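Colleague: I am new to this structure and would like to learn how to read its features. Could you take me through some of them in turn?

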Amino acid sequence: MVASGNYIVTNAHVVPVTDAPFDGAVVVTDGKITEIGPEVETPAEHEVIDAAGGWIVPGLIDAHVHLGVHEQGEGWAGADFNEATDPVTAAVRAIDAINPVEIGFDDALAHGITTVNVNPGSANVIGGLTVAIKTHGAVIDDMVLRSPSGLKAALGENPKRVYGDQKKTPSTRLGTAFAARKAFTEAQHWAAKDPEDRPADLVSEALAMVLAREIPWRQHCHRADDIVTALRIADEFGYDLVLDHGTEAHLIADRIAARGIPVLYGPMMVSRSKVEVRERSPRAPGVLSRAGVKVSIITDHPVVPIDFLINQAALAVKEGMDPDEALKAVTINPAEVLGVADRIGSIEPGKDADLTLWEGDPLDTRNRALRTWIEGKEVYAYDTSSRTGSVRSRW
């Protein structure tokens with residue numbers, strides 16, 4: 001992305017996330033944050049943007065979505081998130097199915113979300129490679145932050161239902177765990193061969209990245225027993241584990257915290273539509289955070305529409321989560337999980353100028369996002385006089 005110019009945002013309540021908030025300014029030069037502080041001189045040839053007392057917050061991050069691969073209102077034509085023809089499709093890549101102009105991207109920008117991690121679905125035992133992208137652009141390759149950013153896998157109801165209905169393995173939790181172990185074992189044997197003797201095997205190649213800890217294993221799991229199975233298999237094969245959803249993770253929070261495993265919690269604003277989500281609760285992120293677990297809050301868009309990411313964080317605060325931790329759960333924590341915290345997730349000199357100007361505290365859901373910038377470029381603006389918002393051209 002190309003920066004739209006150099007400017008200083010003044011008269012702002014700045015929330016760096018990794019440091020104490022202050023009233024002051026943020027300087028943006030060539031798409032990067034170059035200076036912040038309560039007393040900042042306006043650099044030469046920088047436009048002055050008056051925040052009028054509004055809050056400047058890092059661009060929000062949703063680390064688990066199906067944005068662009070499960071298009072809203074498109075039916076089967078836009079449903080490209082589950083290659084449910086084989087339980088192990090580790091080599092498929094979410095990046096190959098993302099439509100970057102799907103309407104959900106506009107919703108993200110209007111609500112201050114500047115980065116998402118797009119995942120394949122959870123029909124498969126091993127669903128495929130994920131990708132971390134910015135939320136504005138016309139060509140997906142130009143939006144990429146990290147590719148691949150993880151390998152998606154699933155335990156629990158979804159794979160056993162999908163393949164049980166097809167009368168094939170796995171039809172049980174036993175079979176799901178077996179399929180994962182079998183794929184990892186085959187990848188270990190493939191990786192142990194001399195590179196010149198390895199046969200072409202895209203599935204083993206993807207799994208080998210996990211085994212080498214080049215990317216994390218993104219484990220979809222809800223029930224506490226499935227979470228424990230995820231821990232057990234991670235111990236057996238030795239990779240970096242991330243728990244996606246973690247609906248019952250708060251029931252074993254101490255065990256998860258002791259192992260330093262992050263939890264991407266959500267979605268929260270959904271019905272208890274199946275057995276494994278009966279314990280879903282906006283209390284859970286606070287319980288996990290107080291236990292010492294690094295928590296991110298996710299929408300699983302379109303399960304919960306992406307524009308409700310900050311509403312879920314506010315619900316967690318309402319149910320006991322510390323407000324500072326809730327804001328970290330949609331900024332720096334997911335940035336660290338995605339391995340891109342050197343560029344995004346906080347307001348610090350040297351990082352990308354992914355910023356949002358809010359009317360006030362974003363955890364007060366009466367406040368709206370007024371302006372959103374990605375790498376210094378204004379990508380969304382709200383007109384308070386006409387009470388309408390507009391996304392800048394992607395082309």
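Modeller: Start with a loop: Glu-45 sits in the one between β3 (32-37) and β4 (47-50). Keep in mind that this is a predicted model.

Colleague: What is phi of Glu-45, which is not a glycine?

Modeller: The general idea comes first. Most residues other than glycine have a negative phi, and most peptide bonds are trans. Glu-45 has a positive phi of about 60°. Lys-167 is another non-glycine residue with a positive phi, near 60°; the place of Lys-167 is the loop between α2 (157-165) and α3.

Colleague: Are Glu-45 and Lys-167 buried or exposed?

Modeller: Glu-45 has a relative accessibility of 79%, so it counts as exposed. Lys-167 is exposed too, at 76%. Thr-89 counts as buried because its relative accessibility is 9%.

Colleague: Which residues is Thr-89 in contact with, leaving aside its neighbours within four places in sequence?

Modeller: The contacts of Thr-89 are Glu-83, Asn-124, Ile-126, Gly-127 and Gly-128.

Colleague: Which peptide bonds are cis?

Modeller: Two cases can be given here. The bond from Gly-266 to Pro-267 is cis, with omega near 0°, and Pro-267 belongs to the loop between β12 (263-265) and α7. The bond from His-301 to Pro-302 is also cis, with omega near 10°; Pro-302 is in the loop between β13 and α8.

Colleague: Which residues of helix α8 are buried?

Modeller: An α-helix has 3.6 residues a turn, so residues three or four places apart point the same way. In α8 (residues 309-318), the buried residues are Leu-309, Ile-310, Gln-312, Ala-313, Ala-314 and Ala-316. Their cover includes β6, β7 (113-118), α7 (284-291), β13 (295-297), α9 (323-328) and β14 (355-358). Just after α8 comes Gly-320, with a positive phi of about 115°.

Colleague: How do the axes of α3 and α5 cross?

Modeller: The axes of α3 (residues 173-192) and α5 (residues 224-237) come within 11 Å and cross at roughly 20°. Angles under 35 degrees count as roughly parallel, so α3 is roughly parallel to α5. The crossing is right-handed. Among the residues making the contact are Arg-173, Phe-184 and Gln-188 of α3 and Asp-225, Ile-233 and Phe-237 of α5. The contact residues divide into four nonpolar, three polar and six charged.

Colleague: What does the UniProt annotation cover?

Modeller: The unreviewed UniProt entry annotates residues 55-367 as "domain: Amidohydrolase-related". That span is 31% helix and 18% strand, and its end C-alpha atoms lie 10 Å apart.

How values were computed: Residues numbered from 1 in each chain as written. Predicted model: local features only at pLDDT ≥ 70, side-chain atom pairs only at ≥ 80, totals over all residues. Heavy atoms only, no water. Axes fitted to C-alpha atoms, helices over the stretch in contact; angles between N-to-C directions. Helix = DSSP H or I, 4+ residues; strand = E, 2+ residues; numbered from the N terminus. Parallel < 35°, antiparallel > 145°, perpendicular 65-115°, else oblique. Left-handed = near helix turned anticlockwise from the far one by under 90°. Contact = heavy atoms within 4.5 Å. Nonpolar A, V, L, I, M, F, W, Y, C, P; charged D, E, K, R; others polar. Buried < 20%, exposed > 50% of the residue type's maximum accessible area, 1.4 Å probe, protein only. UniProt positions renumbered as here; feature names shortened; annotations may be inferred.
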